[in-house]
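Keep the structure open beside you as you read.

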Amino acid sequence: QNDALNMCSLHELPMPKLELSKDTQTRRLSHVFERSPLKVSRGIKQYLYDDDNVEYLDCVNGTAHVGHCHPQVISAGHSQMSKLSTAQGFVSDILNKYVKELVQTLPEPLSVCYLTNSGSEANDLALRLASQYTGQRDIISVEDGYHGNLGVLVDISHKMHERVPNFKKPDWVHHVPIPDTFRNDDPEYWSKYVQDFEKRLNELEAIGRRIAAFIFEPFFVIAGLHIPPASFVKSIFRIVRAHGAIIISDEVQTGLGRSGEYLWGFMNYEVVPDIVTVGKPLGNGHPMGGVICSSDISSKLGSYFSTFGGNPVSCAIGLSVLEIVRNEKLLSSARMVGKYMKTEFELLKESHEILGDYRGMGLVLSLEIVHSKTKKTAAPELSTEVMYGLKNKNILVAITGKHRNIILISPPMCFNMENARRLCKSLGEVLSMVEKNLSSHSVIVYRDSLEPIRRERLKRPIIGGEVEAKRRHLVSESSGSGYEDMD
């Protein structure tokens, strides 16, 4: 239905609600903004456009890993589709080439690759591998984590439990707390967490339950983005393996260089998991996923078959994504842009009481919105206003975290310095306006510094076109200083 509500926070857009005044019979803006779905019609690199050709800076759609509608990705898919779309049950040269290149990005002993159609399917297969290898079924995951929407993944994904009516957690699923780097700044916290983690495993074993695997996101992005000390992660790995279980690193949010330092998130801790899973970054929007493990683990699986996993078109697209990440130097770009934004976020944090913390690295960053820095009380209503304030400036961000007070920034990897400057400048303006109107029912109603922009002004030609190039040249000349466009 066209009027159905889209529950994804990213696709809500604040729209002015017009009412008829009883006194003057004239139309006026209501103090409450009516929020309707944002309908996008096309995308180019780090930009999205609606039906009226209004441009939005996409700061959250990391699924388009190397950029919306990247011409090289489109060309690779189209070319392969015109030759062969499916080779069910057969081996092809492009399959061999893609698997070889993907596996070469990972350390030993991760040498066996299974190609799937999504991150959910990859995590489902990873749990099956863990169970077959260890002979156990119990799984430990982190509170407020999310690992997919298949039945068994809903079971282990704590974030989904309260969203499923009459949900009952299976007795083989166990959760540990979020390693909250914001509210637990005491160095003793990490050693106590490790002790409690091992105590939990001992308690489970005392009642006859042994775990098969510990599954985690390297940066705990869905839970609000937390990057704990490397020593902490190494201790958890040691404990899990000492109890006969294996470690699954879910790289759906951090894989293929998003951290800016390494191609995979777990590498930032100098550890090697037993199984790596990845999904959306692989295909730049094309449905792809993968599981990479050791030959010892894969040898216990037995039969595995996928009709569409590893089809020639997916492999061609996957190869093009790997080539773009390498050839366009997207890791170094993400590292440089991320460092700049964190420097700007630090300045904003010093001048805004509601910005309690910023976290992350590269192009996976988060901002924690609070009522008070001292009390660190989550402010979900204020984070919503920040999100909608940015949307009024045609910048898209999302909200995540246990208390829905975390602004998530995870844009396409072609997000450049110009985009970063625009985001940080707009964020500062929005934070100031929110803080000036804390007593208002909706702080986006009266916005002196966030004046409405005519829709015609926001309509732009294709990025890279002659008119756009001329406009950027004039802007550069008028400002007296240019910028390095990392497109």
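Which residue of β19 does Ser-366 stand opposite? Ser-366 faces Leu-408 in that strand. Before going further, a word on how to read this: the model is predicted, so local features need pLDDT of at least 70 and side-chain atom pairs count only at pLDDT 80 or more, while totals for chains, interfaces and linings use all residues. Residues are numbered from 1 along each chain as its sequence is written, and side-chain values use heavy atoms, with hydrogens and water left out.

Helices (H or I, at least four residues) and strands (E, at least two) are DSSP runs numbered from the N terminus. Strand β16 covers residues 364-369, and four bridges join β16 to β19 (residues 406-409) in an antiparallel arrangement. Two strands count as paired if DSSP finds at least two bridges between them. Strand β15 also runs antiparallel to β16, with six bridges joining them, and here Tyr-358 stands opposite Leu-367. Two residues lie between the strands of this β15-β16 hairpin, in which Gly-362 takes a positive phi near 60 degrees.

How covered is β16? Six of its six residues are buried, where buried means under 20% relative accessible area, exposed over 50% and partly exposed in between (1.4 Å probe, protein chains only). In a regular strand the side chains alternate between the two faces of the sheet. In β16, Val-364, Ser-366 and Glu-368 point one way, and Leu-365, Leu-367 and Ile-369 the other.

Asp-357 counts as buried because its relative accessibility is 11%. Its side chain makes a polar contact of 2.9 Å with that of Arg-359; such a contact is a pair of N or O atoms within 3.5 Å, and within protein one must be able to donate a hydrogen and the other to accept it, with residues adjacent in sequence counting only if both atoms are side-chain atoms. Leaving aside neighbours within four places in sequence, Asp-357 is in contact (heavy atoms within 4.5 Å) with Phe-182, Lys-349, Ser-366, Leu-367 and Glu-368.

Next comes an open sheet of seven strands, in the order β8-β14-β13-β12-β11-β9-β10 and with mixed pairing. Its edge strands, β8 (112-116) and β10 (173-176), each pair on one side only. Within the sheet, β11 (residues 211-216) and β12 (residues 246-250) run parallel and are joined by four bridges; Phe-216 has Ser-249 of β12 as its bridge partner.

Turn now to helix α1 (residues 71-81), where Val-73, Ala-76, Gly-77 and Gln-80 are buried. These buried residues line one face of the helix, because they fall within an arc of 95 degrees seen down the axis, the arc being that of the directions from the helix axis to the C-beta atoms. Pro-71 and His-78 are exposed on the face turned away from that buried side. The cover over the buried residues of α1 includes α2 (93-103) and α9 (312-327).

Finally, the cysteines. A search of the whole structure finds zero disulfides, a disulfide being a pair of cysteine sulfur atoms within 2.5 Å. For Cys-59, the nearest cysteine sulfur is that of Cys-424, 9.4 Å away. Cys-59 counts as buried, at 0% relative accessibility. The sulfur of Cys-113 is too far for a bond, because the closest cysteine sulfur, in Cys-315, is 8.8 Å away.
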